[in-house]
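Subject: Structure handover

Hello,

The structure is shown here, and my notes on it follow.

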Amino acid sequence: MLKIRNGRDFVGGAAMVIVSLLFIWFGRDLDVGNSFQMGPGYFPVMLSLLLIGIGVLIMVQSLVVTVKGEPDAPANWKAYALVILAPVFFGLAISRLGLVPTMFLMIVTVSSASKYADWRHSIALALFMTICSVVLFTRLLSLPVSSFGPWIPFLGN
């Protein structure tokens, strides 16, 4: 009889496997192609297979390795909800607010759920990640993403 020695890791690994299987299922109509002629489904399938492998390794490790002296922490439902809602907010707000306010608000809000970060850390992290995102997506990759939405036309690009 298998005994789960670290329930939190087992659930995390199982969640990774389930989410990866969902991504493969949702992208099943995309052409995968091969390594030399990659189709639009190649990267999502390969990334999902990698996540399935990591999830299985975490599940196997949770059967072998025991957590020593660390009591089970209660679930942080605020963090779960904010992490799930953050991409939804990002998708809905980026065309109206622009990249800078959307990233900043999203990171400050999500990091407020952490028990390790205070408001100063959250703002510093949001500023750093926002600046890096603007440089990466608008300058280096030249993606058609406006830094600020149409509500500030002179800062749009």
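Spans and side chains

Residues 79–99 are 95% helix and 0% strand, with their end C-alpha atoms 23 Å apart. Helices here are DSSP runs (H or I, at least four residues; strands are E, at least two), numbered from the N terminus. This is a predicted model, in which local features need pLDDT of at least 70 and side-chain atom pairs count only at pLDDT 80 or more, while totals for chains, interfaces and linings use all residues. Residues are numbered from 1 along each chain as its sequence is written, and side-chain values use heavy atoms, with hydrogens and water left out.

The unreviewed UniProt entry annotates "transmembrane region" at 7–26, 46–67, 79–99 and 119–141; such annotations may be inferred rather than shown by experiment. Residues 119–141 are 96% helix and 0% strand, and the end C-alpha atoms lie 31 Å apart.

The structure holds two aromatic pairs (ring centres within 6.5 Å; planes under 30 degrees apart are stacked, over 60 edge-to-face, the rest tilted; for Trp the six-membered ring is used). In one of them, the rings of Trp77 and Tyr80 have centres 5.3 Å apart and planes at 80°, so the pair is edge-to-face. Both residues lie in helix H3 (residues 77–97), three residues apart, about one turn of the helix. Trp77 is exposed at 64% relative accessibility, and Tyr80 is partly exposed at 45% (buried is under 20%, exposed over 50%, partly exposed in between; 1.4 Å probe, protein chains only).

Ile131 belongs to helix H5 (residues 119–140) and is exposed, with a relative accessible area of 53%.

Regards
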